[in-house]
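Dear colleague,

Please find below the structure for your records. My notes on it follow directly after.

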Amino acid sequence: MNKIVIDSGFSQSRVALLENGALVEHYIESKNLKRLVGNIYKGRVKNVLPGMQAAFVDIGLEKNAFLYVKDAIPQEILNNKKISSKDISIREVVKNGQEIIVQVIKEPMDSKGARVTTHLSFPGRYLVLMTNVDYVGISRRIEDEEERNRLKNMAEKIKPDGLGLIIRTEAENKEKEDFEEDLKYLLKLWQKIEKEKKLGFPPKILYRDLDLIHRTIRDLFIDDIGELVINDKENYNTIIDFLELISPELKDRVRYFDPGINIFSYFGIEKMIKDALKRKVWLKSGGYIVIDKTEALTIIDVNTGKYVGVNDLSETIIKVNKEAVKEIAKQIRLRDIGGIIIIDFIDMPSKKSEQEVLEILTEELSKDRVRTNVLGMTGLGLVEMTRKKVRNRISSILERKCPYCDGLGMVLTPEVVINNIENELKRIALHTNSEAVIIEVNDEIKNILDEKMKEYLSEIEKVLKLKIYIRANNNIHANEYEVKHKGRLDKAKEMLEEK
């Protein structure tokens with residue numbers, strides 16, 4: 001059974017998608033660092049770069065957003081087959097100082113700002129409303145030709161003039177009434193933005209996409225999900241209300257989980273996340289794959305490892321490669337690897353074997369909601385593929401460059417350490433009669449809690465009815481924390497005075 005598990009904490013929300021008990025997708029959203037993709041801004045063009053066919057746009061973020069010429073050209077020009085976007089200069093499309101409405105389509109990554117487009121779109125449960133086109137498209141995941149035609153005919157009947165619609169995968173087997181309700185909601189959003197964009201000065205946010213939990217309900221909680229489990233009562237109630245609007249039949253599949261237990265540990269997800277950060281991944285046969293990231297691309301190497309086969313070498317190679325293909329597709333999706341990916345399979349004895357492996361890879365990647373493209377096998381026996389890069393990969397969210405080894409290794413981000421402390425505090429509040437807790441942390445974590453997260457600590461104290469004292473101790477590793485006291489308040493104060 002497929003399942004969604006949501007860990008809703010004070011500092012961050014985490015979502016895990018399990019397929020037959022295996023973790024296949026994992027998302028994190030910090031309360032202090034919201035996702036930007038989908039947000040719409042009123043910005044101002046700061047710098048036009050003809051040599052790069054792009055422009056920088058100030059949308060109020062730390063770094064200016066990046067607008068490519070093809071994302072700035074009006075759709076009616078792009079639809080004109082006599083005109084190529086390559087023949088249009090960015091200077092003909094935008095000017096320095098110009099006010100412009102843009103939507104974020106790619107998160108800021110490393111030293112790069114967010115990527116934006118002027119071609120706005122609004123995803124709903126069954127439809128995506130597009131403001132710069134005038135046609136109906138349909139998800140490639142809906143394969144039955146008769147169903148595709150039925151859905152497309154329904155969408156064309158309700159499509160507003162001058163706007164476009166894309167039919168999402170979840171629309172399969174739905175009726176016209178479902179489409180109409182979805183479209184009504186999306187048109188209200190669009191009309192609100194049309195009014196908002198006339199008011200105020202740039203940079204200004206006009207529309208913020210749903211938070212992680214509600215995006216999960218909209219985009220992931222579909223008919224093949226047998227259960228959704230969440231450990232926060234308030235969000236549980238909002239999910240039920242949200243489903244009442246979009247999919248009432250799914251309400252019975254939502255379950256409230258005991259907040260006193262680490263929900264990710266209970267379902268074995270914490271261990272699966274740790275495994276997803278490892279460079280080497282073992283296969284059941286005894287072979288293994290190695291995943292390495294460079295600035296430009298990701299390299300995946302397949303090895304026979306401990307597996308020696310039964311009959312001959314060629315059989316061993318084919319078996320390991322076929323097993324590796326399924327694991328590679330799973331790891332790409334789980335780690336959210338984007339951009340160029342090179343896979344070095346063990347050299348195969350024939351073209352037929354190579355083709356079989358490529359077919360399995362394509363089939364496994366079809367389960368991925370992010371667009372992928374397998375380009376084929378090079379003369380050196382390397383498989384080239386690409387995967388759309390929308391957000392940072394899981395490793396960059398959960399880890400950072402290690403300050404102890406000059407960036408050669410990785411440690412947990414402060415957000416993850418603070419979330420671990422939060423889970424410990426919940427456990428203490430639930431399972432003990434403690435009035436106060438003293439926790440020692442690395443100096444960096446202490447500074448973050450003192451300077452940026454005072455309200456966060458106050459909220460925890462209020463909810464858990466627990467006095468919390470945080471002390472710095474630079475002998476503690478950046479990944480760790482130590483509970484020095486849990487018990488009476490007067491004893492905690494006495495220990496703090498002694499220190």
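Which are the buried residues of helix 5? They are Leu212, Ile213, His214, Arg215, Thr216, Ile217, Arg218 and Asp219, where buried means under 20% relative accessible area (1.4 Å probe, protein chains only). These residues pack against strand 1 (2–8), strand 2 (12–19), strand 3 (22–30), strand 9 (121–123), strand 14 (225–230) and helix 6 (233–246); contact means heavy atoms within 4.5 Å.

This is a predicted model, in which local features need pLDDT of at least 70 and side-chain atom pairs count only at pLDDT 80 or more, while totals for chains, interfaces and linings use all residues. Residues are numbered from 1 along each chain as its sequence is written, and side-chain values use heavy atoms, with hydrogens and water left out. Helices (H or I, at least four residues) and strands (E, at least two) are DSSP runs, numbered from the N terminus; two strands pair if DSSP finds at least two bridges between them.

An open sheet of mixed pairing is formed by six strands in the order 16-17-18-19-21-20. Its edge strands, each pairing on one side only, are strand 16 (280–282) and strand 20 (372–377). Within the sheet, strand 18 (297–303) runs parallel to strand 19 (339–344) over five bridges, and Ile300 has Ile343 as its bridge partner in strand 19.

Elsewhere, strand 12 (164–167) pairs with strand 10 (127–130) in the antiparallel sense over four bridges, whereas three bridges join strand 12 to strand 11 (136–138) in parallel. Leu165 of strand 12 is the bridge partner of Leu129 and also stands opposite Val136.

Yours sincerely

Definitions and conventions: Buried means under 20% relative accessible area, exposed over 50%, partly exposed in between (1.4 Å probe, protein chains only).
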